[in-house]
Amino acid sequence: MNHSSAEARAETIEPLRYLSKGEAAAIETELLRDYRFGQQQLIEIWGQACALAITKAFPLSSLAKKQPTVLVICGPDQNGSIGLVCARHLRMYEYEPTIYHPQRSSQSLHQDFTVQCEKMDIPSLSYLPTEVQLINDAYNLVIDAMLGPDADCANIKEPYPGILVTLKQVKIPIASVDVPSGWDVEEPSQDGINPEVLISLTAPKKCAISFSGKHFLAGRFLPYDIQKKYELNLPDYPGTDCLIEL
């Protein structure tokens, strides 16, 4: 390609599409129903990509504490399952994750992912200390996999409001999966938690348009027809990477 046509192409690149709650749900439904992806398969793809994003944002060599400890807070729904997969892969990458489940899930998939973590000897907390300094002292960072894009942020039930209050006070970095817990999918939060890292799954959501921290996108498995149909205009991933920093 000669120089001038490369420039012309650069000028016509459409901006990355930020999804509404409805669009994100529609894409997932299509993947499951029409493209025959399995839910467990999607969660595994996303969870491993999240773990890789953590290794890029917080390499082992950069961690402040001697032990590479990470606290992973997992909600009862799909985001929590993604957090469990992320924790398992982080363990393989020689981090030391600890899982906190505010509520156990009755979903069999979630239970399967929990057992996989237990079999990897990943410890779990029975409660989250309200003494914020204990969290700051014990962990290098917190992964927020509590309330995903399907949560109703106007109607968050206990124990999550209390946990969000604690997370607003921690001094160590927070990395959120897909949508920071407590944020509305459609718009950035004014008074919610303030993650340093956001890992968007499939395509970023509207709440991330003005996100100023490190922002990763993990979704390099999306069939081209879906990309085209929803005009996602996904960026070119580098090499064979399954995630890209936006």
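Tutor: In this predicted model, contact means heavy atoms within 4.5 Å. By that criterion T166 touches L128, P129, V132 and I135, leaving aside residues up to four places away in sequence. T166 itself lies in helix α7, residues 160-169.

Student: Why is T166 called buried?

Tutor: The relative accessible area of T166 is 6%. Buried requires a value under 20%, so T166 is buried.

Student: How many aromatic pairs does a search of the whole structure find?

Tutor: The search finds 2 aromatic pairs. One of the pairs joins W46 and F221, whose ring centres are 6.1 Å apart.

Student: What makes the pair of W46 and F221 edge-to-face?

Tutor: Two quantities are needed, since a pair of aromatic rings is described by the distance of the centres and the angle of the planes. The centres must lie within 6.5 Å for the rings to pair, and those of W46 and F221 are 6.1 Å apart. Planes over 60 degrees apart count as edge-to-face; the planes of W46 and F221 stand at 70°, so this pair is edge-to-face.

Student: How do you know that the pair links distant parts of the chain?

Tutor: W46 belongs to helix α3 (residues 39-57), while F221 sits in the loop between β7 (214-218) and α8 (224-229), and the two are 175 residues apart. Both W46 and F221 are buried. Ring pairs also bring in F37, so that F37, W46 and F221 form a cluster.

Student: What makes α2 oblique to α3?

Tutor: Helix α2 (residues 21-33) packs against α3 at an angle of about 125°, with the axes 9 Å apart. Roughly perpendicular ends at 115 degrees and roughly antiparallel begins over 145, so α2 is oblique to α3. In this contact E28, L31 and L32 of α2 meet Q39, L42 and W46 of α3. By class, the residues are 4 nonpolar, 1 polar and 1 charged.

Student: Why is α3 called oblique to α5?

Tutor: The axes of α3 and helix α5 (residues 108-119) cross at roughly 45° and come within 11 Å. Roughly parallel requires under 35 degrees and roughly perpendicular begins at 65, so α3 is oblique to α5. The crossing of these two helices, α3 and α5, is right-handed.

Student: Which residues in α3 and α5 meet?

Tutor: From α3 come Q39, Q40, I43 and E44, and from α5 come L109, F113 and Q116. By class, the contact of α3 with α5 has 3 nonpolar, 3 polar and 1 charged residues.

Note on methods: Residues are numbered from 1 along each chain as its sequence is written. This is a predicted model: local features need pLDDT of at least 70, side-chain atom pairs count only at pLDDT 80 or more; totals for chains, interfaces and linings use all residues. Side-chain values use heavy atoms; hydrogens and water are left out. Rings of Phe, Tyr and Trp (its six-membered ring) pair if their centres lie within 6.5 Å; planes under 30 degrees apart count as stacked, over 60 as edge-to-face and the rest as tilted. Helices (H or I, at least four residues) and strands (E, at least two) are DSSP runs, numbered from the N terminus. Buried means under 20% relative accessible area, exposed over 50%, partly exposed in between (1.4 Å probe, protein chains only). Axes are lines fitted to C-alpha atoms, for helices over the stretch in contact, and angles run from 0 to 180 degrees between N-to-C directions. A crossing is left-handed if the near helix is turned anticlockwise from the far one by less than a right angle, and right-handed if clockwise. Ala, Val, Leu, Ile, Met, Phe, Trp, Tyr, Cys and Pro count as nonpolar, Asp, Glu, Lys and Arg as charged, and the others, Gly among them, as polar.
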